[in-house]
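Colleague: Could you walk me through a few spots in this model, starting with the aromatic rings?
Modeller: Gladly, here it is.

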Amino acid sequence: MNSSHRGLLFIPAGFFLLMLLLLGKALFWNQREIPSALLNRPLPEFSKPTLDNPNQTITAAGLRGDILIMNVWATWCPPCHAEHPHLVRISENEPDLVFVGVNYKDDAEAAGEFINTRGNPFAYILTDVDGKLGIELGVRGAPETFVVDREGFIRFKYEGAIDENVWQEKFVPVISQLN
Amino acid sequence: MRASRRSRLTIVIFILLGGVAILFLLRTAFDEGLNVFFTPTEIAEGKAGTNQNLRIGGMVKQGSLKREGEGTLIQFIATDFNADISVVYDGVLPDLFREGQGVVAEGRLQEDGTFMARQILAKHDENYMSAEVKTALEAAESKGAAIPAMQQ
Amino acid sequence: MIPEFGNFAIILALGLSLMLSVVPMLGAARRQLQWMQTARTLTTGVFVFMLAAFIALAWSFLQDDFSVAYIARNSNTALPTYYKLAAVWGAHEGSLLLWVLILSLWGFAVSVFSKDLPIDMVSRVLSVMGMVEVGFIGFLLFTSNPFERSLLNIPTEGADLNPLLQDFGLTVHPPFLYMGYVGFSVAFAFAIAALLSGRLDAAWSRWSRPWTNAAWSFLTIGIALGSWWAYYELGWGGWWFWDPVENVSFMPWLVGTALIHSLAVTEKRGVFKSWTVLLAIGAFSLSLLGAFIVRSGVITSVHAFAVDPERGLVLLCLLLLIIGGSLLLYALRAPVVAGNSVYGEQSRELYLLLNNIILVVSMAMILLGTLYPLIHEAIYGEANKVSVGPPYFNTLFVPLMGGMSFLLGIAVFTRWKRTPVNHLISSLRPLLLLSIVLGLALPLILQAEFKISVVVALALALWITATLLMDIRNKVRNKASFMNGLLSLGRAYWGMQLAHFGLAVIICGICLTSQYSVEDDVRMQPGDEHEIEEYVFKFEGVREIVGPNYDAQAATITVTKSGEPYLTLQPEKRRYRARGDVQTEADIDVGLFRDLFTALGDPRGDDAWVVRIHVKPFVFWIWLGAFFMATGGVLAILDKRYRRERIRKNSRLDNSSVVSNTIAINEAGNVSTKSFDSNETRGLVEERV
């Protein structure tokens with residue numbers, strides 16, 4: 001009828017803009033972090049035989065009290081081969097940390113051969129032949145490395161091969177916080 | 001134009017009546033449906049009344065879950081590591097309910113200080129820390145509570 | 001190779017949709033026939049490449065290609081093949097791919113079924129859909145690419161599909177829901193095209209109607225499937241929770257329902273044009289809002305996807321462009337209709353207007369309830385959190401729908417323009433009395449507990465049914481024979497009546513199941529019995545079973561009915577191996593008049609379990625009614641008049657006349673553009689077209 005009616009047609013756009021402002025604001029309030037599957041959770045309970053002595057078993061509770069670097073590896077995994085020498089050097093430089101290897105879905109003989117010829121960075125090597133521990137840890141592939149604090153909580157998880165750069169950038173800050 | 005004016009009047013009356021009805025409904029709806037969020041600390045400080053719908057968030061205290069009674073009644077302690085609140089719930093717990101993990105409960109505060117939950121909420125995504133639990137823990141932390149580990 | 005191929009297909013689709021959003025639109029503005037003619041080809045191209053991308057992802061899922069990050073996160077070698085396919089849309093990236101695929105499918109459908117439309121209209125409509133496609137294909141490609149590889153460190157095993165989603169209901173729920181959501185883009189594109197060309201006429205509303213009906217029918221089925229899934233999969237025995245994600249699917253449905261009715265008025269009587277356009281924009285905007293809320297995590301909900309604020313921000317910008325732009329266009333170009341009403345007080349127009357008001361008010365109330373926690377935080381600060389529970393929604397929604405159901409009965413009887421009041425009262429009064437009496441009598445006859453809410457709901461359902469039967473009788477009465485009369489009524493009419501009858505069925509289902517359900521959570525030891533009405537449930541104990549990718553504890557519950565052995569139910573508590581998630585699987589005996597619902601709660605020591613045992617009368621009617629509604633929508637699309645229209649136009653038009661037609665129309669369009677501020681001229685243009 002007249003121009004005042006046209007003004008009414010702007011109401012929906014106005015409402016929409018208000019709502020958009022609200023949603024935009026809410027988007028930044030609720031920046032919730034999604035931690036990876038097991039982050040900040042206790043290490044799952046397990047009891048696994050070691051690689052060198054199948055009669056000796058290691059439990060999660062038995063490992064508590066130290067900061068653990070748990071490395072999931074296998075001989076069938078090419079990045080693990082690449083990672084190994086770095087891991088050996090890093091473990092030599094970090095005497096305060098307990099390096100635990102989880103030999104994942106692997107052949108024990110081949111794994112023993114691998115360690116014997118290339119050096120052993122680990123204090124303990126657990127064998128996870130059926131991959132059950134891997135599943136409990138939410139492992140998606142090898143290598144993967146977990147940092148576990150003294151109370152037995154997983155604090156950090158890294159997927160992929162580690163070298164000195166990765167160690168300095170990703171692991172050192174996390175570990176220094178735990179000390 | 002007389003007919004048109006009369007119909008316009010009817011329309012205005014209808015709009016007014018409808019508006020009043022909607023506002024009345026809205027008022028009732030908010031009274032019944034709104035849950036105000038409180039942390040265990042705030043409840044301990046007496047900030048929440050017994051006559052309103054509440055939503056509380058916190059961690060289920062380790063070892064506090066009692067479910068051995070005769071019926072289906074359950075009792076556990078929700079904590080923000082600063083204050084505890086005892087929660088009573090009658091029914092089936094959600095699949096993701098676990099000790100040492102976050103919980104959100106809706107219900108009312110009883111005279112004796114326990115919280116009678118109408119509903120226990122669980123998230124479908126385990127990785128997720130509900131906003132309520134996070135707020136409760138952060139608030140408690142700022143007051144000096146020692147939070148052991150964010151375990152949710 | 002296959003994932004790269006899929007990735008490449010998305011890039012090509014993006015390129016084609018960019019061209020689609022520009023070339024035909026410019027062609028329509030400049031009256032370049034060749035430019036306009038690219039619209040159909042480009043639309044087909046976008047669809048073909050999106051389909052190729054989708055097939056590539058599905059194929060990679062079947063091949064367990066865990067080098068694709070999305071597949072590694074959402075599949076597993078132990079996952080049954082059927083669920084590997086369903087896992088394609090099991091999380092954000094894949095479901096967005098499905099969303100875009102369906103968007104391009106609707107575009108393709110428009111290009112195929114629009115042979116009788118003037119080419120400039122087709123090119124504008126397809127071009128608007130192309131613009132939406134550009135936005136969402138870009139979003140898919142740059143923020144949520146499902147084909148992203150993690151080549152350096154290929155996982156040997158996938159993390160598995162969320163067990164809640166490993167279920168038949170869920171595999172079909174998203175495709176239907178998206179068909180509905182995205183389907184409103186067609187009505188949206190028609191509205192925008194009409195605004196752009198300045199031709200909001202009967203033809204525009206007639207073209208929009210079947211598309212709106214189709215989208216609405218899909219959305220109805222999609223929502224019903226979601227509710228059905230929640231009912232048996234969440235293990236709570238509830239079928240609607242007023243969860244934010246449910247609400248955002250329900251809001252476009254309400255506006256879509258309003259749009260269907262408003263389009264009818266606009267087509268038949270030429271009024272409510274601006275309102276109808278607003279609803280068409282609104283239905284699709286609410287669908288987009290739903291996509292934003294589900295995918296950005298602003299509102300926490302049980303089925304929200306993983307949260308990524310950056311994605312949320314991009315989506316918000318898309319919303320601003322698409323919805324903000326179209327609402328601005330609406331404000332500038334929608335016709336401002338003069339105030340004198342051309343319909344009487346007791347006219348069908350008036351009742352449809354009331355229907356629209358109630359539906360839109362209901363939507364607004366749900367929107368308010370859904371966003372209220374955010375509004376509250378915005379006003380009182382972040383520490384002051386509130387949540388809005390189901391009582392809020394029930395308090396508002398039930399009376400509004402009650403009022404609408406009552407008006408529906410009258411509306412069916414009214415005529416366009418004006419209905420004699422005496423005739424209305426004399427024919428409706430006996431029906432109203434009959435409904436009230438039967439509503440009172442039914443609970444007594446069935447020996448159920450007397451509840452006033454049940455009486456009201458039954459009376460309303462009977463009222464809807466009685467008025468629609470009477471209307472059919474009135475229409476058939478003058479025909480030569482009863483059967484002849486029924487056949488002469490036309491599919492659109494039957495569609496309308498079936499959909500309205502569906503509403504009556506849903507009202508019965510909702511009311512009876514919420515008022516008369518027996519919902520017991522009982523602690524049971526092996527051998528314990530629990531009696532509900534004529535059923536006795538005996539808990540035989542729990543045993544371990546091994547599924548393909550889970551281990552479960554399965555209870556055996558034997559049921560006797562009036563002392564006779566009836567059946568055995570086996571609810572399970574599953575633990576999925578890959579993630580260790582625990583999932584309750586209810587076991588339900590579905591019946592037309594009642595469901596027996598059992599689910600395992602938690603163990604309470606001494607072999608005792610808490611067991612949920614529910615007897616839910618008429619719960620099936622909720623989904624039955626939704627099915628009637630959707631079928632009604634489909635019947636309306638199949639109405640002869642749409643086909644007749646097409647045949648007539650096809651036979652009349654050859655290529656040359658298409659061209660001349662187009663130009664004539666464009667002249668008209670141009671006139672309206674140039675002299676836009678002068679309402680008189682525009683009125684003339686509308687009359688001429």
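**Rings, strands and a loop**

Modeller: One aromatic cluster is formed by B:Phe30, C:Trp216, C:Trp240, C:Trp242, C:Phe250, C:Trp253, C:Tyr372, C:Tyr392, C:Phe393 and C:Phe397. Please keep in mind that this is a predicted model, where local features need pLDDT of at least 70 and side-chain atom pairs count only at pLDDT 80 or more, while totals for chains, interfaces and linings use all residues. Residues are numbered from 1 along each chain as its sequence is written, chains are lettered from A and ligands numbered from 1 in the order in which they are written, and side-chain values use heavy atoms, with hydrogens and water left out.

Colleague: How many aromatic pairs are there over all chains?
Modeller: The count is 38, where rings of Phe, Tyr and Trp (its six-membered ring) pair if their centres lie within 6.5 Å, and planes under 30 degrees apart are stacked, over 60 edge-to-face and the rest tilted. One of them joins C:Trp240 and C:Trp242, edge-to-face, at 5.9 Å centre to centre with 90 degrees between the planes.

Colleague: And why is the pair of C:Trp242 and C:Phe250 edge-to-face?
Modeller: Because their planes lie at 65 degrees, with the ring centres 6.2 Å apart.

Colleague: Is C:Trp242 buried or exposed?
Modeller: C:Trp242 is buried, at a relative accessible area of 8%, given that buried means under 20%, exposed over 50% and partly exposed in between (1.4 Å probe, protein chains only). C:Phe250 is buried as well, at 12%.

Colleague: Switching to chain A, which strand does β4 (residues 98–104) join?
Modeller: Five bridges join β4(A) to β5(A), and the two run parallel; strands pair if DSSP finds at least two bridges between them, and strands (E, at least two residues) and helices (H or I, at least four) are DSSP runs numbered from the N terminus. A:Gly101 stands opposite A:Ile125 in β5(A), and four of the five residues of β5(A) (residues 124–128) are buried.

Colleague: Last one, where is C:Asn76 found?
Modeller: C:Asn76 is in the loop between α3 (69–74) and α4 (81–86) of chain C, and counts as buried at 5% relative accessibility. A polar atom of its side chain lies 2.8 Å from the backbone nitrogen of C:Ala78.

Technical notes:
Polar contact = N/O pair within 3.5 Å; in protein donor to acceptor, adjacent residues only side chain to side chain.
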